[in-house]
Structure formats: structure tokens, C-alpha cells
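Below is a briefing on one protein model. Please go through the fold, the sheets and the charged pairs in turn.

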Amino acid sequence: MPIEMMVRKLRLHSELPDENIEALRSIMAPVKTLPEDSIIVREGDLSTQCCVILSGFAYRSKIAENGKRQILSFHIAGDIPDLQGLPLKRMDHDLTTLSETRVGFINHDALERVLETRPALTRALWRETLVDAMLFRQWIVNLGTRSASGRMAYLIGELRQRLAAMGLVVNEQFEFPITQSKLADALGLSIVHVNRVLQSFRTEGILD
């Protein structure tokens with residue numbers, strides 16, 4: 001079923017009765033398969049729906065005044081990366097697919113009607129936004145205090161833990177189809193520096 005990855009994610013941190021899951025299932029539509037580098041929602045857009053990553057990867061980003069892009073976070077199956085659009089209504093960043101990605105959409109009006117009578121579901125979604133904020137704080141520390149190799153190691157470790165929680169790590173291996181250019185945008189490094197770190201990790205047996 002389309003929402004099973006989202007259900008697994010929500011139940012990592014919250015207890016949800018089955019009737020809440022069925023309520024979510026009833027309002028998710030449509031499901032789309034988007035190619036790599038598809039804009040799901042743009043900065044400044046009025047937000048009328050939230051998306052659920054069903055498979056593949058997406059990322060949040062902002063463009064600075066000098067035109068440089070900063071990737072703010074990566075998102076995997078089960079994530080609802082634009083949930084903050086429900087109360088805020090207007091997006092303050094871009095959300096883009098990193099790979100071919102299956103995405104489900106939930107209309108805000110329908111979701112608000114469901115939440116009015118399901119406090120457990122409201123708490124679960126609120127908790128997800130708090131976990132998301134916790135990861136943002138970790139990213140700030142990572143970019144502000146760690147060396148280039150430390151930034152890369154943190155990113156790989158975070159992804160490994162999140163993907164493992166969703167059953168997407170097999171034999172200590174996981175898929176992460178990213179270019180060195182996008183890694184540079186995420187880690188605040190040049191492409192040349194990213195390449196050097198990756199080469200050193202391969203030499204040391206940290207990455208294969």
C-alpha cells in the first residue's frame with residue numbers, strides 16, 4: 001500500500017491506532033513518479049498539500065543572493081518533508097527530487113479535517129516536525145564545527161541510521177544516488193574538496 005513507509009516512519013516515535021492509519025490512507029491522492037531533479041514545490045509557493053516520499057530521495061535547498069545553492073537536508077522514503085507548510089502556508093525553500101522518486105500527496109484541507117478528531121495523529125505529526133528540527137540542529141553543528149572529512153562522515157552516518165530504521169540498509173549497504181556537485185552543496189565544500197575526501201575514505205576503507 002502507498003502509505004506503508006510513512007506509517008513505519010510515524011510509528012518509530014509514536015503509537016498510532018489503526019483507525020488513524022486508515023484515515024491517512026483515505027486522503028492520500030494522487031501518487032506520482034517524478035524523474036530526477038523535478039521540483040516538487042518551489043520557495044514562495046502557496047502550500048495547499050503536503051507530500052510523502054514513498055520511494056527514492058529528495059532534498060530541501062535555498063539559493064543565496066550570490067546564486068549559490070545550499071542543500072539543507074535529504075529526505076528518504078517515509079518522510080513528509082513539507083509538513084511545515086500545513087500551518088505556515090507558504091514555502092520558504094525548494095523541495096526537489098534527488099533521484100526518480102514516488103511521491104504521494106495529501107491535501108491540506110483534508111488533512112486538517114482528519115486531525116480535528118484524531119489527537120494521536122496530530123501528536124505524531126507534531127513529533128515528526130520536532131525530530132526534523134533536531135536533525136536541522138545537527139546539520140548546523142556539522143557545517144559550523146567539523147572538518148571536511150567530519151562533515152562527510154556525519155552525513156553518511158546519519159543517512160545510514162535513517163535508512164536502516166526504514167529497512168533500507170542491506171548487508172551494511174544502501175543506495176544514495178548523489179553527484180559530487182550536490183554533495184558539495186550539502187557540505188559547504190568545493191567539488192574538488194569533496195572528491196579528495198571521497199578518495200581518502202576509499203583508500204582508508206571507510207567507503208566502497
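Which residue in E7 does isoleucine 53 stand opposite? Isoleucine 53 faces valine 103 there.

This is a predicted model, in which local features need pLDDT of at least 70 and side-chain atom pairs count only at pLDDT 80 or more, while totals for chains, interfaces and linings use all residues. Residues are numbered from 1 along each chain as its sequence is written, and side-chain values use heavy atoms, with hydrogens and water left out.

**Overall fold**

- The protein holds 8 helices and 7 strands. Helices (H or I, at least four residues) and strands (E, at least two) are DSSP runs, numbered from the N terminus.
- The C-alpha trace spans about 55 × 40 × 30 Å along its principal axes.
- Of the 208 residues, 44% are buried. Buried means under 20% relative accessible area, exposed over 50%, and partly exposed in between (1.4 Å probe, protein chains only).
- Take the contacts between residues at least 6 apart in sequence: 73% of them join residues at least 24 apart. Contact means heavy atoms within 4.5 Å.

**Three-stranded sheet**

- Strands E1, E7 and E3 form an open antiparallel sheet in the order E1-E7-E3. Two strands pair if DSSP finds at least two bridges between them.
- E1 (28-34) and E3 are the edge strands, each pairing on one side only.
- The twist averages 30° from one strand to the next. Axes are lines fitted to C-alpha atoms, for helices over the stretch in contact, and angles run from 0 to 180 degrees between N-to-C directions.
- E3 pairs with E7 (residues 101-107) over 6 bridges, in the antiparallel sense.
- Helix H2 (residues 18-27) packs on this sheet and touches E1 and E7, its direction making about 65° with that of E1.

- E2 and E6 (residues 94-97) share 2 bridges. Valine 41 has leucine 95 in E6 as its bridge partner.

**Serine 47**

- Serine 47 sits in the loop between E2 (39-41) and E3 (49-55).
- Its relative accessible area is 6%, so serine 47 is buried.
- Beyond its neighbours within four places in sequence, serine 47 contacts Gly85, Lys89, Arg90, Met91 and His108.

**Salt bridges**

- The structure holds 13 salt bridges. Each is a side-chain nitrogen of Lys or Arg within 4 Å of a carboxyl oxygen of Asp or Glu.
- Glutamate 128 and lysine 9 form one of them (3.2 Å, N to O). Glutamate 128 lies in helix H5 (residues 119-145) and lysine 9 in helix H1 (residues 4-13), 119 residues apart.
- Glutamate 128 is buried at 10% relative accessibility, and lysine 9 is buried at 16%.
- Arginine 11 and aspartate 18 also pair (3.0 Å, N to O). Arginine 11 is partly exposed at 37%, whereas aspartate 18 is exposed at 54%.
- Arginine 25 and glutamate 22 meet at 3.3 Å, N to O. Both lie in helix H2, 3 residues apart, about one turn of the helix.
- Shared partners join Lys9, Asp79, Glu128, Glu158 and Arg162 into one salt-bridge network.
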